[in-house]
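Student: I've got a protein model open and I'd like to learn how to read it. Can you walk me through a few features?

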Amino acid sequence: MADCRFEDVFKEHHKELEQFLRRQVNDPDMAADLVQDTFIRFKPLYEKPPGIQKVRAYLFRIARNLVIDHFRREQIRCTDSVPEDILDEIPTEVAGPEVRAASQQRLENIRAAVDQLPPRCRDVFIMSRVQGMTLAEIGLALNISPKTVFSHFTKALQLLKSQLDEGSGL
């Protein structure tokens with residue numbers, strides 16, 4: 001399957017993933033969005049050598065993780081309503097332009113530091129911290145052991161810390 005084009009993988013698994021996600025979230029529109037998100041997360045990993053060996057299992061793992069994230073977000077949204085008069089009494093602290101500019105600069109420093117990481121360390125860091133994958137999932141995706149993933153992740157954190165400490169990025 002590693003020689004299949006991405007479009008072929010999409011055609012082969014799209015319907016099955018959508019049916020799975022419809023059963024999970026009980027909302028056809030949300031299921032369609034989650035299918036799209038699944039393939040968006042999957043594509044960069046699929047196109048990178050050595051590729052993913054168990055495509056179907058990997059797609060369903062991503063989809064399952066997205067369902068979990070979806071329900072976590074829904075749980076956060078489902079809070080008791082608060083009367084407006086109480087909301088008016090809560091002081092609002094809106095960040096001024098200086099704080100926003102400093103935050104933006106810190107974010108740019110972090111992005112630049114991540115971009116400077118060695119490719120494998122960067123991939124592992126992004127898969128873990130941005131995509132929310134576990135070390136085992138990353139190992140499966142990159143066809144390396146979880147111990148090697150941990151080594152790359154640790155190295156990435158050490159390099160980021162030293163780069164950001166040097167440039168006072170944090």
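Predicted model: local features only at pLDDT ≥ 70, side-chain atom pairs only at ≥ 80, totals over all residues.

Student: How many helices and strands does the protein chain have?

Tutor: Helices (H or I, at least four residues) and strands (E, at least two) are DSSP runs, numbered from the N terminus. Here you get eight helices and zero strands.

Student: Is Glu18 buried or exposed?

Tutor: Buried means under 20% relative accessible area, exposed over 50%, partly exposed in between (1.4 Å probe, protein chains only). Glu18 sits in helix H1 (residues 6–25), and its relative accessible area is 17%, so it counts as buried. In the protein chain, 29% of the 170 residues are buried.

Student: Which residues is Glu18 in contact with, leaving aside neighbours within four places in sequence?

Tutor: Contact means heavy atoms within 4.5 Å. For Glu18, those partners are Pro28, Ala31, Ala32 and Val35.

Student: And how do I find empty space?

Tutor: Rolling a probe the size of a water molecule over the atoms shows where empty space is left. On a 1 Å grid over the protein atoms alone, a pocket is an open set of points where a 1.4 Å probe fits, with protein on both sides within 12 Å along at least five of seven lines; lining residues have an atom within 4 Å of a point. Grid points are joined across faces, edges and corners, and a volume is the space filled by probe spheres set on the points. The largest pocket here has a volume of about 170 Å³. It is lined by 13 residues, with Asn65, Gln131, Gly132, Met133 and Glu137 the closest to its centre. Helix H3 (residues 55–77) gives the most to that lining, seven residues.

Notes:
Residues numbered from 1 in each chain as written. Heavy atoms only, no water.
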